[in-house]
Amino acid sequence: MPNLLRIKYSLFVFALILFLIACFVFITKEPNQSIPSDINESKEITFFALDDAGKGNFAQWRVAKAMEEVAEKYQKLDFVAVLGDNFYTSRDLGLKSKVWNAYFENVYSGRFLDAVPFYAVLGNHDKLKKIQDELAYSEQHLGSNRWRMPARFYTRDMGNIGGRPLLRVVFLDTQPNVQSLKTQANFIRKSFAENTKQPIWRIVIGHHPVRNYGKHADETALMQEYILPALKEAKIDAYISGHDHNQQAIVNQNEPLYFISGGGGASLYPIKYRDGQLKYGESLHGFLSVRLNSSIYTENILTFAFLIVALLMYGVFYLLPAYAITHLTKKLLKVKIEQADSPNNKYQKIVYAIAIITTGVTSLIFYANAKLYTLYGMYINGFVLNLVFTPGGIESLGGSAATDASFAAIAIGFFLMQISLLYFAIRLSKARIVTRLNSLNFFSNWRGILIAFVAVITLHMTFAFDRFTSNGLASVAQAVPFYQTVSSRSLFKSMGITGRRDTSLKIKGKLNYPLNPIQYTKPAKPYNIIWLTAESWRADTLNEKVMPNTWQFAKQATRFTQNYSGGNGTRAGVFSMFMGMPASYWFQFLQEQKGAAIIDVMQKQDYQMRFFTSALFSYPEFDRTIFAKVPENEMQALQRNGKISWQNDQKNISDLLQFIDKRDTSKPFFTFMFFESPHARYFFPPESVIAKPYRDDLNYATLSKEALRQDIVPIKNRYINAVHHLDSQYKRVFDYLNEKNLLDSTIVILVGDHGEEFMEHGFWGHNSTFVDEQVRTPLVIYAPKQAAKIVSRLTSHSDIVPTLMPILGVSNPESDYSIGFNLLGDKVRDYTYIADWDKLAYVDQDVKIVQPVNSKAFFMQKVSTRKDVALIGEDASAMLHKKSTSNMQIMRDLSHFTKKSTKAEAQ
């Protein structure tokens, strides 16, 4: 044993000696004399930024290695911005000190990092002697000559676009000295003054943030007082900083983009708080990667020409109905107009009135379209039209008298504008130059039709070719409202052109649901079922503060903490929970007016049923889908009774409890209720207020993203108060069940139809994106004799019916009537689906993949991480390649309940 110990000790000493020798060699190794150039004339700039790096530790090494790997992937790197706190050491740097090797020169090495300048600024840990050494090391071109700090603050131009700098960067010394900050604010203004060459991109770099959500969030006052006005005056695109040891991306209206890249190697700080302006915030080591070129609209003549032609052409298309109606009116009244004594006779005025009305309506439609896109990221589509024309749709928005008055005022303003435009058009038509142009008759009927035909064909075939090959025009097309995408894959393939693989989901065929007749054995003692669904009930509101009663009840039930709705709106959310399948099947069920299999089973088992909603069963059309076989006298809808939604929720609960009280106790009962009070505008009685301040009213007509960002906290407080009221109504049910000793014989389900976003990712409400805030909901299932537990695995609304069917005695495999799993069983869900009107999101532990269903792919495929960090370019391609098998699974699931004629294909 002693010999073995001596051997181990000797090996340890030997390894230690080797390690010390390696460290000595590393520190004394001379850096490469690459001497990178300051001048960059390219049309694209790629740079990295990192801060708080100089620890010389493993984390700094890992970040450096990652930088080299990313540069290798891009095959391009022009410079690195070092954002301050460059050397965490008590030792003097000196000019020949090995500290430079240990903390900089030999850390950042590799084919790309060796060949680029590192432009540095000072941080609060860069003290006086260090500052002198850092400036001198740059001035004397020591080491590898990569360290660049020509002054405490300075500027650099890079790239060249038609004689203009592609990028101008101002590097600041942001030590909190008022006089210095005043001086540097003026330096920013002068750097971008009108008498200088105006760059395409404007970036300012400093150590201290202007906006911050981290540990030092309270230290931004001086930067906001002195530097922020200069940033806004100079129209800076982005301000990049560090100081907080984390990664942040912040968007604040009418200000630069803010990036904090403080995870260069030092110990990390947490994100202190979050709101809608913080688009990304994680306590992670890493660096910021930035790639800049001139705008796609100006750099590429094809995309620029495509955008201009598309906007002009579609502008004409939009006005065609107004023109056609006005022209037809003029034709019908032509004779009477010509026979009248005055050129402004009453018949001519009728034509003018028609022109004003039709163009005014067109303008209003596009105003509404722009408002929709700004707030919800969508144009007028089938979903919006369904909302307008289906009974109960408009009411579901929760508008107010102030909203109606504002929309009326806006409408009047648009018609007054059309009157003014018509007046000036009449005056202009009499001008000599217009008269001469008309005499040329260039745009005669046949010429105009020919030009329009050629332009339409050229525009759309250009898009089709681009979509087949590179798909570079997709983002441009989305900037044109209602752009009609086209595809000509067969034509281009026949011409021998090699294209990219384009994935789209197409579902055709007759509904086949359930796959086999439902077989069941009625339980000897069937359970009662109470199913309570709340509008817009997002996952994080089920907590002890907002919902104390529901929180206590959940402790004796099974609570699912990673539950996803089947959609980001009521239609898809409720459909998926009752049908147990992706909501993309909605249209087939609506067409065939097919109800839910679970309703059929309970009806055959003689369940007493009563359904309640504070909205309407006709919007969405649940009375023609899920509840198609439920008699009208078993469904109570209160939306149009003139009362506020919280009052209707209270009445419905009273009626629900009365129904249970008066039931035939020899038969089981099933009751469903849909709560409306947590829907915008979020209604609650005074006694439910727990969050202040809150907005008294929401005027949809005057809402904008800027207004929402400013008021999102009081708006969210309204929502919290409404959810707190929801809790009080749940309590009435819990108390009743306890009082009547019904918990031993009753299953209780608590679930939200979908979530609600409050600008966490740039939107308010729901129905716009598939971010977690809009699609994750609470799910609580109380079942007698089931032990209370918390389930943190991935679950879905589609799992509720497969959980209930076996309890109802159904013997069919769950695949006969759903794609879900029994939540009380042992199966683990690997993925789920979330849908809206025309898109489907595939979600698993790693990724969200959004793609259109049965559409012309206007919304192109989008990829993000499970935590909603968007993936683009090569990162998106790599993830799609990794998840390539998911396409086949999606196609199987979307064709599972259709007959053999169904076609689900990838093109």
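**Reading salt bridges and burial**

Me: Let's start with one residue. Is R538 buried or exposed?

Reply: R538 counts as buried, because its relative accessibility is 5% and the cut-off for buried is under 20%. Keep in mind that this is a predicted model.

Me: Okay, and which residue does R538 form a salt bridge with?

Reply: The general idea is to look for a side-chain nitrogen of Lys or Arg within 4 Å of a carboxyl oxygen of Asp or Glu. Here, R538 pairs with D540, and their closest N and O atoms are 2.8 Å apart. D540 has a relative accessibility of 45%, so it counts as partly exposed.

Me: How many salt bridges does the structure hold?

Reply: There are 30. Another one joins the side chains of K76 and D78, at 3.3 Å from N to O. D78 is buried, because its relative accessibility is 13%.

Me: What about R624 and E621: how far is it from N to O in their salt bridge?

Reply: That distance is 4.0 Å. As for burial, E621 has a relative accessibility of 3%, so it counts as buried. R624 comes out at 35%, so it is partly exposed.

Me: Which residues do salt bridges with shared partners join into one network?

Reply: Look at E105, D114 and R146: salt bridges that share partners link them into one network.

Note on methods:
Residues numbered from 1 in each chain as written. Predicted model: local features only at pLDDT ≥ 70, side-chain atom pairs only at ≥ 80, totals over all residues. Heavy atoms only, no water. Buried < 20%, exposed > 50% of the residue type's maximum accessible area, 1.4 Å probe, protein only.
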